[in-house]
Amino acid sequence: MYIPASFVERDPSRILAIMRESPLATVIAGGPEPQVGQAPTLVSEHGGIVSIEFHLAVNNPLCELLPDGSSCLILHTGPNCYVSPSWYARHPSVPTWNYVSVEARGLVRRLNSEELADQVTELSRIHEQRVGGSWEYDGLPVEFQQKMLQGICGFRVTATQLEA
């Protein structure tokens with residue numbers, strides 16, 4: 001990602017906050033013909049190591065491009081807006097776009113069914129609270145939980161590079 005020096009964000013706590021405030025991320029993987037998908041994420045940090053968890057529908061072609069040990073790019077995009085040249089004190093000038101974005105590159109590990117269930121539980125806890133909902137994964141019949149988990153693939157990406 002091209003970032004002019006005056007706009008680079010270096011504060012790790014601010015970078016994590018941006019990622020958590022924009023939990024729907026774009027996941028990109030693959031070689032000459034990359035695949036792209038959107039996924040809800042959980043971002044955590046332990047001992048300076050940032051991890052990003054997400055899941056995709058099992059039939060999403062992106063799943064095939066994310067085996068253990070592969071790498072991917074995850075983009076968390078925050079607020080953005082057009083900036084009019086008419087707002088500048090000096091003229092002539094050009095329009096631009098202001099935006100907040102974090103680009104994370106890292107190594108993939110697929111989650112087992114227990115880890116995936118934990119991810120779904122935590123994602124729904126966070127987002128149900130945000131919308132005033134009351135849905136709980138743990139409240140579902142066990143057969144339904146198992147069927148639900150069979151329809152998704154879970155991943156954890158350990159970030160090797162963060163740019164914001």
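Does Tyr82 count as buried, exposed or partly exposed, and at what relative accessibility? Tyr82 counts as partly exposed, at 42% relative accessibility, where buried means under 20% relative accessible area, exposed over 50% and partly exposed in between, with a 1.4 Å probe and protein chains only.

1. Basis of the note. This is a predicted model, in which local features need pLDDT of at least 70 and side-chain atom pairs count only at pLDDT 80 or more, while totals for chains, interfaces and linings use all residues. Residues are numbered from 1 along each chain as its sequence is written, and side-chain values use heavy atoms, with hydrogens and water left out.

2. Architecture. The protein chain holds three helices and six strands, and from the N terminus on these elements follow the order α-β-β-β-β-β-α-α-β; helices (H or I, at least four residues) and strands (E, at least two) are DSSP runs, numbered from the N terminus. The C-alpha trace spans about 65 × 40 × 30 Å along its principal axes.

3. Burial, contacts and surface. Of the 164 residues of the protein chain, 36% count as buried. Among contacts (heavy atoms within 4.5 Å) between residues at least 6 apart in sequence, 68% join residues at least 24 apart. The chain exposes about 10100 Å², of which carbon and sulfur atoms supply 55%, with accessible areas taken from the Shrake-Rupley method with a 1.4 Å probe.

4. Charge. There are 11 positive and 18 negative side chains in the protein chain, and the centres of the two sets lie 7 Å apart. Lys and Arg count as positive and Asp and Glu as negative, without His and the chain ends, and each charge is placed at NZ of Lys, CZ of Arg, CG of Asp or CD of Glu.

5. The stacked aromatic pair. Rings of Phe, Tyr and Trp (its six-membered ring) pair if their centres lie within 6.5 Å, and planes under 30 degrees apart count as stacked, over 60 as edge-to-face and the rest as tilted; by this rule the count comes to two aromatic pairs. Phe54 and Phe155 are stacked, at 5.1 Å centre to centre with 25° between the planes. The pair links strand E3 (residues 49-57), which holds Phe54, with strand E6 (residues 152-163), which holds Phe155, across 101 residues. Phe54 counts as buried at 0% relative accessibility, and Phe155 is likewise buried at 0%.

6. The edge-to-face pair. Tyr82 and Trp97 form an edge-to-face pair, 5.9 Å centre to centre and with 65° between the planes. Tyr82 lies in strand E4 (residues 71-83) and Trp97 in strand E5 (residues 96-110), so the pair ties together parts that are 15 residues apart in sequence. Trp97 is partly exposed, with a relative accessible area of 46%.
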